[in-house]
Structure formats: structure tokens, C-alpha cells
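This report describes selected features of one protein model. Please consult the sequence and the coordinates shown below while reading.

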Amino acid sequence: MASNPPGACCASGFQHEGNPAGEIKTVEGVETYISYPKDNKSPENAVLILSDIFGIYVNAQLLADEFAANGYLAVIPDLFQKDAIKLSDMESGKADLPAWLPKHQIANVDPVVESTIKYLRQDLGVKKIAGVGYCFGGKYVCRFLKPGKIDVGYTAHPSFVTKEELGAIAGPLSIAASEIDNIFTTQLRHESEDILIKTSQPWQINLFSGVTHGFAVRADLSNKHFKFCKEQAFYQAVAWFKQYL
């Protein structure tokens with residue numbers, strides 16, 4: 001594995017405060033959060049956000065709004081078809097990942113990603129797509145980083161990525177990694193570097209000290225260092241997209 005399967009740390013973190021500015025629409029039978037850049041309903045570039053196990057929730061929606069504020073059409077498809085892990089289960093410690101994961105494998109998730117890409121390109125006329133994957137979603141950024149699918153990729157603390165999937169990417173990939181991470185461990189991060197070198201694609205791994213898996217989307221924003229790292233991980237994605245999209 002280039003990164004381990006999701007674990008208990010994937011079901012921890014903090015809910016952020018804010019009022020999402022986008023809208024939820026049904027796209028090919030899938031609930032999808034869409035946030036448009038201001039004064040531009042037909043942007044040429046889109047950010048496809050492939051979420052962590054909590055799906056479409058306030059943290060992810062606020063991140064989508066931030067990408068929209070930077071000029072991108074931002075969309076979050078419900079990868080889990082109304083079966084995302086509930087925040088209340090996270091907070092109470094009742095999230096049962098071993099029971100949940102078998103219902104959300106490649107055969108279940110790939111078609112959702114595929115149909116969302118089709119919607120962006122054919123229905124909305126988007127010319128270039130940047131993929132953003134948090135935790136669970138990082139696997140699918142790698143899987144779809146191919147011509148005609150996702151043009152440039154970014155993932156923060158990815159989980160469940162196989163060496164084969166990482167080695168098969170066909171576009172630029174940026175990774176935000178946490179120092180303390182049982183999923184994307186130091187050893188697997190170094191192994192991933194070796195794999196990425198062999199792809200001959202542009203790549204980047206930024207390592208953030210003192211933070212844990214999930215920091216880029218579920219950080220405790222009352223902690224000054226955690227907040228800084230979350231914001232810098234976001235700016236990393238924006239800078240990468242400006243360079244390669």
C-alpha cells in the first residue's frame with residue numbers, strides 16, 4: 001500500500017462553523033454540492049472534491065466555497081449515496097468503520113466519480129478538472145488522474161491508495177502529509193516518493209509538523225498551529241492548480 005486503509009483516526013476531528021454558500025443538486029441520481037465562483041456561472045476550470053468518510057458536510061462545503069472564492073467551480077458528489085458516516089456517530093465514538101467500509105468499495109465509488117466528471121465536462125462545459133481528495137477521497141484522485149478524467153490532483157492525508165494506483169497516475173500530483181499519521185506513515189510516505197519519481201509526473205509532498213491525519217479538513221481551529229497548517233494545506237492546493245491546471 002502507498003497508504004493504509006482508513007482507521008479510527010479517520011473518524012475523529014472537529015466540526016467547523018460557517019454557512020455554506022453553495023447548493024445541493026441531484027446529478028445523475030447523486031446528491032452533489034455545487035459552489036460557483038462569484039459572478040461566473042460558467043467557469044472553464046472545476047475542482048472536484050472527493051471527500052472523507054463524512055461526505056457532504058459543513059467542513060467539506062466550506063472548503064468547496066473557498067475553492068469557489070478562488071475562481072473555480074467546486075463540486076462534492078455524495079460518494080456514499082446517503083450512507084456517509086454521521087458526525088454524531090463520530091462524536092459519540094459509535095462510528096463502525098469495519099462494518100461501513102465493505103459497502104463503499106471501488107465498485108460503488110468509481111461510478112459516482114465517473115458520472116460527476118461526465119456532468120462537469122459534457123453538461124457544464126468544464127475544460128479542465130482538478131481533483132481534491134481528503135482521506136478516503138485521495139484514493140480516487142489517484143485512480144482518476146488520467147487524460148480526459150482529472151487533469152491535476154491534490155490529496156491531503158490520503159488513505160487506501162495502492163502502490164499500483166499511485167504508480168499509474170498520468171498527471172501532476174500534490175500531497176499534504178501530517179507528521180503524526182497511522183495511515184500515511186513515514187515509511188509509506190518515503191515509499192510513495194520512490195513511486196512518484198518513477199511516474200515522471202510533476203509531484204510534491206509537503207509535510208506538516210505536529211498535526212495528525214485529517215488536519216486539512218477536520219482540524220481544531222481554536223489551536224493556532226492546527227489552523228495555520230490547515231490553511232497552508234489549502235493554499236498548497238490552490239498554488240498547485242494555478243501552476244498546472
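## Conventions

A residue counts as buried under 20% relative accessible area, as exposed over 50%, and as partly exposed in between, with a 1.4 Å probe and protein chains only. Contact means heavy atoms within 4.5 Å. Helices (H or I, at least four residues) and strands (E, at least two) are DSSP runs, numbered from the N terminus.

The model is predicted, so local features need pLDDT of at least 70 and side-chain atom pairs count only at pLDDT 80 or more, while totals for chains, interfaces and linings use all residues. Residues are numbered from 1 along each chain as its sequence is written, and side-chain values use heavy atoms, with hydrogens and water left out.

## Annotated domain

An unreviewed UniProt entry lists residues 31-245 as "domain: Dienelactone hydrolase"; UniProt positions are given in the numbering used here, feature names are shortened, and annotations may be inferred rather than shown by experiment.

## Packing of α1 and α9

Helix α1 (residues 58-69) and helix α9 (residues 224-244) have axes that come within 11 Å and cross at roughly 45 degrees. Axes are lines fitted to C-alpha atoms, for helices over the stretch in contact, and angles run from 0 to 180 degrees between N-to-C directions. The two helices, α1 and α9, are therefore oblique to each other; angles under 35 degrees count as roughly parallel, over 145 as roughly antiparallel, 65 to 115 as roughly perpendicular and the rest as oblique.

From α1, L63, E66 and F67 meet K230, F234, A237, V238 and F241 of α9. The residues of this contact divide into six nonpolar, no polar and two charged. In this scheme Ala, Val, Leu, Ile, Met, Phe, Trp, Tyr, Cys and Pro are nonpolar, Asp, Glu, Lys and Arg are charged, and the others, Gly among them, are polar.

## Buried helix residues

Q236 also lies in α9 and is buried, at 6% relative accessibility. Beyond residues up to four places away in sequence, Q236 touches Y154, S174, I175, A176, Q204, N206 and F208.

G138, in helix α5 (residues 138-143), is buried at 0% relative accessibility. Leaving aside neighbours within four places in sequence, G138 contacts G133, T155, P158 and V161. Between G138 and I49, 89 residues apart in sequence, the C-alpha to C-alpha distance is 9.6 Å.

L166 belongs to helix α6 (residues 163-167) and is buried, with a relative accessible area of 3%. A C-alpha separation of 9.5 Å is found between L166 and V141, which are 25 residues apart along the chain.
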